[in-house]
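Trainee: I'd like to go through this one feature by feature. Please give me the idea behind each reading, then the case at hand.

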Amino acid sequence: MAEGHLNAAEAHDRDHGHDHGHDHGRDHGHGHSDGRRHDHGPGEHGLGDHGDAGWLASLWSRGRHMVTPHGHDSADRVDTALETSRRGMRTLVWSFVALFLTAISQLAVVLVTGSVALLGDTIHNFADALTAVPIGIAFLLGRRVATRRYTYGLGRAEDLAGVVVVLIIAASAVLAAYWALRRLIEPQPVSHLWAVAAAGVIGFAGNEIVAQWRITVGRRIGSAALVADGLHARTDGLTSLAVVLGAAGVALGFPAADPLIGMIISVMILFVLRDAAREVFRRLMNAADPDTVALAERTAAEVAGVMGAEGVRMCWIGHCLRAEVTVTVDPMLTVEQAHRIAHAVEHRLMHEVPRLTAAVVHTEPAVGAEHAHGVLAHHR
């Protein structure tokens, strides 16, 4: 090929006149008929200078533009990215409500009983509820289409939200440990042990419900942050059961059991923090699943006309996976023939690789490619 690179995602509709019956997740956004996008200046929405009313209208328009998806796809085409965001938002809202109500009910019991173990669990449940806020904001930002400045959109806001989630979890661990240590130094009686145990069971049930929601929807829409948050909630359910053990220890005549369980809960939160931080770090560093990379290599190599596939690179942008791949073809092919093979590779990858929405396919002749590469040798 003349340029060697082909962004098949941008040209897919042009070269495939038939309708595959599905959406590959592309959104052409604002721009021209050739798919190019542009940023909007102050007056590009038809809003002139009309004093305060015009300024307010412009501000309102900008606010709507920031959180509203735009596109020129036909009305009967399903906007997969938007529906993905909506599913994620619904899950976040309902899980936030469930965890918040769980934490409120536990806090009421803490105020009556004085259980520091239950206090630690309550603090963590409040923190879990709050983690829905940064992820929700990231989902809203992810709805924005790509622009000339943010050429991949704002999908990676979810990675930044993951950092905020890690900080919230860390703060909850420190706060829970502080109160547990303070209670060990200054012991206080715990009353209504049956209520403490019941609150622990409620905490377990609330966290397990939220875990089911977040994990199921997160895997369905390809949100690593949502899945990690669901696994986090499941672990928190186990810490809630530890509260029951603390109440049982006090009932058996071991008063220190309550603050000790509080310290154990703090340590368990630290383990959750480690796992969450690892997942967020991998996303920030563009880590990809090796099995998925291998699948992409096999899939590309199986396309008719491809003699070999290598150099697969992948990265996540929000809920979407993007890839680059190099394929070798017969050196006697015309530019048009190699072009069609590149499109076929991209199309096959989209069908076979989960969550893949775009691929850049680089074609090389099976022999003689080293001569073309020589011009770039000093850059490598």
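Mentor: Let's start with Arg355, which is partly exposed with a relative accessible area of 27%. The scale calls a residue buried under 20% relative accessible area, exposed over 50% and partly exposed in between, using a 1.4 Å probe and protein chains only. Keep in mind that this is a predicted model, where local features need pLDDT of at least 70 and side-chain atom pairs count only at pLDDT 80 or more, while totals for chains, interfaces and linings use all residues. Numbering runs from 1 along each chain as its sequence is written, and side-chain values use heavy atoms, with hydrogens and water left out.

Trainee: Where does Arg355 lie?

Mentor: In the loop between helix H11 (335–352) and strand E4 (356–365). Helices (H or I, at least four residues) and strands (E, at least two) are DSSP runs, numbered from the N terminus. The protein chain has 12 helices and four strands, and buried residues make up 42% of its 380 residues.

Trainee: What is phi of Arg355 near?

Mentor: First the general idea: most residues other than glycine have a negative phi, and most peptide bonds are trans. Phi of Arg355 is near 70°, a positive value in a residue other than glycine. Asn286 is another such case, with phi near 60°. Asn286 sits in the loop between helix H9 (257–284) and helix H10 (290–301), and at 34% relative accessibility it counts as partly exposed.

Trainee: On to the rings. How many aromatic pairs are there?

Mentor: A pair of aromatic rings is described by the distance of the centres and the angle of the planes. Here, rings of Phe, Tyr and Trp (its six-membered ring) pair if their centres lie within 6.5 Å, and planes under 30 degrees apart count as stacked, over 60 as edge-to-face and the rest as tilted. By this rule the count comes to three. One of them joins Phe100 and Phe126, edge-to-face at 5.8 Å centre to centre with 75° between the planes. Phe100 belongs to helix H3 (residues 80–113) and Phe126 to helix H4 (residues 116–130), so this pair ties together parts that are 26 residues apart in sequence. Phe100 is partly exposed at 35% relative accessibility, and Phe126 is partly exposed too, at 23%. Then come Tyr178 and Trp179: their ring centres are 5.5 Å apart and their planes at 75°, so that pair is edge-to-face. Tyr178 is partly exposed at 44%, as is Trp179 at 31%.

Trainee: Which residues do ring pairs link into a cluster?

Mentor: Phe96, Phe100 and Phe126.

Trainee: Now helix packing. At what angle do H4 and helix H6 (residues 157–185) pack?

Mentor: Axes are lines fitted to C-alpha atoms, for helices over the stretch in contact, and angles run from 0 to 180 degrees between N-to-C directions. H4 and H6 pack at about 165°, with their axes 9 Å apart. Angles under 35 degrees count as roughly parallel, over 145 as roughly antiparallel, 65 to 115 as roughly perpendicular and the rest as oblique. H4 and H6 are therefore roughly antiparallel. H4 passes H6 in a right-handed crossing; a crossing is left-handed if the near helix is turned anticlockwise from the far one by less than a right angle, and right-handed if clockwise.

Trainee: Which residues make the contact?

Mentor: Contact means heavy atoms within 4.5 Å. Among them are Leu119, Ile123 and Ala127 of H4 and Ile168, Leu175 and Trp179 of H6. By class, the contact of H4 with H6 has 11 nonpolar, three polar and one charged residues. Ala, Val, Leu, Ile, Met, Phe, Trp, Tyr, Cys and Pro count as nonpolar, Asp, Glu, Lys and Arg as charged, and the others, Gly among them, as polar.

Trainee: How do helix H5 (residues 132–142) and H6 pack?

Mentor: At an angle of about 175°, with their axes 8 Å apart, so H5 and H6 are roughly antiparallel to each other. Pro134, Ile135, Ala138, Phe139 and Leu141 in H5 meet Ala157, Glu158, Ala161, Val164 and Val165 in H6. That contact of H5 with H6 has nine nonpolar, no polar and one charged residues.

Trainee: Last one: is Ala323 buried or exposed?

Mentor: Buried, with a relative accessible area of 7%. Ala323 is found in strand E3 (residues 320–329). Leaving aside neighbours within four places in sequence, Ala323 touches residues including Arg313, Met314 and Leu356.
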